[in-house]
Amino acid sequence: MKYVVIGTGVAGIAAIEAIRTIDTLGAITLIGDDPHGYYSRPGLAYYLSGEINDKLLFPQIADEFRKFHVNSVKGLVARITPASHSIYLQNGSSFEYDRLLLATGAHATALSVPGAKLSGVVKLDHLEDARRILKLAGRGKTAVVVGGGITALEIVEGLIARGAKVHYLLRGNRYWSNVLDEDESHLVENRLKEEGVEIHTHAELKEIQGRGHVQAIRLVDGRALRCDIVAYAIGVVPRLELAQQAGLVIERGILADQFMHTNVPDIYAAGDAAQVYDPRSGHSILDSLWGTARDQGRIAGLNMAGKKAAYIKSVPSNVTRLTGLTTTIIGAVGKGRDEDVVGIARGDSESWRELPDALAIQTAFDINHVRLLVGERTLLGAVVMGDQLLSLPLEKMIAGEVDISPIRSQLLASGEDIAELISGYWLKWKKLHAS
Amino acid sequence: MASGYVVPEPARCVQCGICSYYCPVGIDVRVHVWRNEAITHSVCLTCGECVVRCPRGVLRYEQTDLFIKARSG
């Protein structure tokens with residue numbers, strides 16, 4: 001059996017691990033165009049902030065991969081010919097496959113304003129992007145950050161950590177409006193202000209000015225700011241060119257069934273490029289989550305090696321750090337559209353915004369904050385900021401659709417200690433359902 | 001008799017490596033998390049440095065009752 005995996009992100013790596021649990025002899029070729037191969041892309045945020053060095057981004061799995069006998073090829077795939085089960089690289093070489101995985105990922109949506117090609121305009125997709133930002137940033141430098149979601153904030157925090165003066169532009173009136181509620185947005189914004197970030201709301205970028213290098217930006221309403229760096233994170237787009245060319249069915253991503261199989265025989269898709277059928281909601285969902293990509297890659301690998309395994313979408317959740325506050329987002333928590341993001345952002349899930357009728361309750365103590373979305377019989381979603389004691393029980397309760405009827409009215413009554421109610425109920429429920 | 005280990009919640013992990021970087025005795029904590037294994041390494045001090053440093057709340061300290069473990073095992 002000949003396997004080819006396109007994409008060196010976590011979906012591709014997880015697929016190869018899974019294949020080798022079944023097929024120890026088949027030939028595996030891993031093809032990718034990232035010059036650094038596999039590393040922790042979410043970890044780039046901590047590289048920017050100076051918490052780790054770039055060596056740390058590379059997990060020590062090289063030895064294991066040697067055992068897997070993977071033929072690693074650096075290069076860009078130009079086209080796939082499904083009829084002959086062949087793929088062709090831009091450099092002229094070609095490979096045949098029996099099973100092919102497209103784990104091509106997603107890349108930053110490009111800025112389309114005049115001046116976007118000037119030097120000093122940066123994004124955060126790859127290690128090379130992070131290195132570029134670090135080269136530009138530093139004391140005395142002024143940066144403008146455009147965009148929303150997790151990545152924009154990670155760039156803001158990285159730049160502050162490196163001593164730059166940061167202006168953060170928001171098109172709407174608050175940060176991450178389709179996932180966070182107003183209190184949560186303002187909590188983040190206030191902490192950014194404390195760190196010296198200047199937040200400009202209702203600020204739509206019109207153009208970037210400079211001669212060769214960025215010198216200033218101008219907004220639609222005429223405001224202007226002098227700057228040395230413009231960083232943007234306005235969303236990500238799945239890399240779909242190959243899939244399109246190969247005749248795969250595409251909506252917002254490559255459509256895959258529960259077995260991560262596309263509409264073309266022997267071609268599978270997983271990770272940020274895949275839009276995967278979820279039997280629970282009846283929709284095909286696009287996620288841009290690292291954990292999801294790993295799960296999907298593993299399931300794809302098992303199926304490629306002949307073991308029928310269905311991908312059961314878990315309740316999407318992500319943990320991130322917003323202005324130093326560990327924040328967990330679980331299940332359905334928001335609605336609508338965020339003006340600062342086109343489509344989906346990195347670390348985002350479409351299902352976070354599939355919120356049916358739910359009552360929201362929240363509690364806050366010091367800088368800690370919990371918001372619960374309470375359905376008829378179960379919890380539908382949660383946002384936990386700061387203290388994370390509740391995030392694990394909430395994840396289990398939301399994913400397990402635990403019946404909360406016994407505490408529902410107490411939860412909705414104001415003045416109750418939500419944290420205590422949840423943790424007490426969870427402990428009781430666990431004990432009752434143990435064994 | 002009670003003891004404890006650092007245990008991971010792999011679904012929260014993005015393999016950034018902060019845990020391994022800050023481990024004072026050089027355990028590659030991240031590999032354990034990838035494999036969903038408790039840090040049962042004999043040199044682990046259970047000092048909690050990895051637990052505190054992890055930006056995503058992946059690691060926690062869990063008491064294990066060795067007596068029960070031995071009995072059921």
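**Entry 1: where the chains touch**

I started with the contact between the two chains of this predicted model. I counted 18 residues of chain A in contact with 16 residues of chain B. Which elements of chain A give two or more residues to this side? I found helix 8 (290-304), strand 22 (317-322) and helix 9 (391-399) of chain A. Next I sorted the residues on the side of chain A that touches chain B by class. They divide into 9 nonpolar, 7 polar and 2 charged.

**Entry 2: chain A as a whole**

I then looked up the secondary structure of chain A. The chain has 11 helices and 26 strands.

The C-alpha atoms of chain A fill roughly 65 × 65 × 35 Å. Burial came next: 47% of the 435 residues of chain A count as buried. Last, I checked contacts in chain A between residues at least 6 apart in sequence. Of these, 65% join residues at least 24 apart.

**Entry 3: domains**

How is chain A divided into domains? The domain assignment gives domain 1 (2-106 + 238-304), domain 2 (110-234) and domain 3 (317-432). I noted that domain 1 is written as two stretches, 2-106 and 238-304.

I looked at domain 1 and domain 2 of chain A together. Their C-alpha centres lie 31 Å apart. The contact takes 11 residues from domain 1 of chain A and 10 residues from domain 2 of chain A. On the side of domain 1 that touches domain 2, I found 6 nonpolar, 3 polar and 2 charged residues.

I picked out one open sheet of chain A. It has 3 strands in the order 13-14-15, with antiparallel pairing. Why is one side of strand 13 (205-211) and of strand 15 (224-226) left without a neighbour in the sheet? Both strands stand at the edges, and each has a single partner strand, so one side of each stays without a neighbour. Neighbouring strands of this sheet are turned by 25° against each other on average, direction ignored.

I followed one pair further. Strand 13 and strand 14 (residues 213-219) of chain A run antiparallel and are joined by 6 bridges. One position I looked up was A:Gly210, which stands opposite A:Val214 in strand 14 of chain A.

Definitions and conventions:
Residues numbered from 1 in each chain as written. Chains lettered and ligands numbered in written order. Predicted model: local features only at pLDDT ≥ 70, side-chain atom pairs only at ≥ 80, totals over all residues. Contact = placed C-beta atoms within 7 Å. Helix = DSSP H or I, 4+ residues; strand = E, 2+ residues; numbered from the N terminus. Nonpolar A, V, L, I, M, F, W, Y, C, P; charged D, E, K, R; others polar. Pairing = 2+ DSSP bridges. Axes fitted to C-alpha atoms, helices over the stretch in contact; angles between N-to-C directions. Domains from an automatic or database assignment. Buried ≥ 20, exposed ≤ 12 C-beta atoms within 10 Å, placed from the backbone.
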